[in-house]
Amino acid sequence: MELTHVNQNGEARMVDVGEKAVTLREATAVGHVVMQPETLQILLDGTAPKGDVFAAARIAGIMAAKRTHELIPLCHPVPIDGVEVTLCAEPPQRVCITASVRCEYRTGVEMEALTAVSVAALTVYDMLKAADRGMTIADVHLLHKSGGRSGAFTRVNL
């Protein structure tokens, strides 16, 4: 397998996407925040000291998708058409975060979806850390991507 972000000397480089076709690109990623059941109950009761956890995490995830190229060194700035971040409680002790990103461009949005999930999860942690510093961010992964030369990918549960 050829690594596209490395030149013939093994040095990091940004891939030139100028010759690629502009196509619809979509990606969906998912992740979880695992916490004590009492912490999830604080979230569900709406009594988190910092306010609405899901609202803050949703906005943080959207903002992160839009700024991925500023966080990941070799990512291209992508003209994102849409980002959807959803969070849902999964009792007894988990929050599931899903992010879907789409654009019409020359490169995909997998990193934007993964970044959205990761930053939303970090925000959940930040909003609830006063109640539970032992929370774990887990299982962040790409579920699906479509568009571009490499075609579609759908994760098969392992």
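## Exercises on a predicted fold

Gly31 is buried, with a relative accessible area of 1%. Buried means under 20% relative accessible area, exposed means over 50%, and partly exposed lies in between (1.4 Å probe, protein chains only). This is a predicted model: local features need pLDDT of at least 70, side-chain atom pairs count only at pLDDT 80 or more, and totals for chains, interfaces and linings use all residues. Residues are numbered from 1 along each chain as its sequence is written, and side-chain values use heavy atoms, with hydrogens and water left out.

### Exercise 1: the surroundings of Gly31

Place Gly31 in the fold and list its contacts beyond four places in sequence.

Solution. 
- Step 1. Find the element. Gly31 belongs to strand S1, residues 23–34. Strands (E, at least two residues) and helices (H or I, at least four) are DSSP runs, numbered from the N terminus.
- Step 2. Collect the contacts, meaning heavy atoms within 4.5 Å. With neighbours within four places set aside, Gly31 touches Val95, Cys96, Ile97, Val117, Ala138, Asp139 and Val140.
- Step 3. Check a distance. Val119 is 88 residues from Gly31 along the chain, and their C-alpha atoms are 10 Å apart.

### Exercise 2: the whole chain

Describe the protein by its elements, extent, burial and surface.

Solution. 
- Step 1. Count the elements. There are 4 helices and 5 strands. Read from the N terminus, their order is β-α-α-α-β-β-α-β-β.
- Step 2. Box the C-alpha atoms. Along the principal axes, the box is roughly 50 × 30 × 30 Å.
- Step 3. Take the burial. Of the 158 residues, 34% are buried.
- Step 4. Sort the contacts by separation. Among those with a separation of 6 or more, 71% join residues 24 or more positions apart.

### Exercise 3: charges and salt bridges

How many salt bridges does a search of the whole structure find?

Solution. 
- Step 1. A salt bridge is a side-chain nitrogen of Lys or Arg within 4 Å of a carboxyl oxygen of Asp or Glu.
- Step 2. Count. The search finds 4.
- Step 3. Take Asp126 and Lys50. Their closest N and O atoms are 3.2 Å apart. Asp126 sits in helix H4 and Lys50 in the loop between helix H1 (37–45) and helix H2 (53–66), so the pair ties together parts 76 residues apart in sequence. Asp126 is partly exposed at 29%, and Lys50 is partly exposed at 47%.
- Step 4. Take Glu70 and Arg67. The closest N and O atoms of this salt bridge are 2.8 Å apart. Glu70 is partly exposed at 48%, as is Arg67 at 44%.
- Step 5. Take Arg94 and Glu90. Here the closest N and O atoms are 2.7 Å apart. Arg94 has 30% relative accessible area, and Glu90 has 25%.
- Step 6. Look for shared partners. Salt bridges that share partners join Lys50, Asp126 and Lys129 into one network.
- Step 7. The mean positions of the 15 positive and 18 negative charges are 3 Å apart. Lys and Arg count as positive, Asp and Glu as negative; His and the chain ends are not counted. Each charge is placed at NZ of Lys, CZ of Arg, CG of Asp or CD of Glu.

### Exercise 4: a nonpolar patch

Which residues form the nonpolar patch on the surface?

Solution. 
- Step 1. Apply the rule. Patches are made of residues with over 30% relative accessible area and no salt bridge; like charges are joined within 9 Å, nonpolar side chains (Val, Leu, Ile, Met, Phe, Trp, Tyr) within 5 Å.
- Step 2. Name the members. They are Leu122, Ile137 and Val140, with about 220 Å² of accessible area together.
- Step 3. Leu122 is in helix H4, residues 110–128, and counts as partly exposed at 49%.

Note on methods: Areas by Shrake-Rupley, 256 points an atom, 1.4 Å probe, with all protein chains shown as cover.
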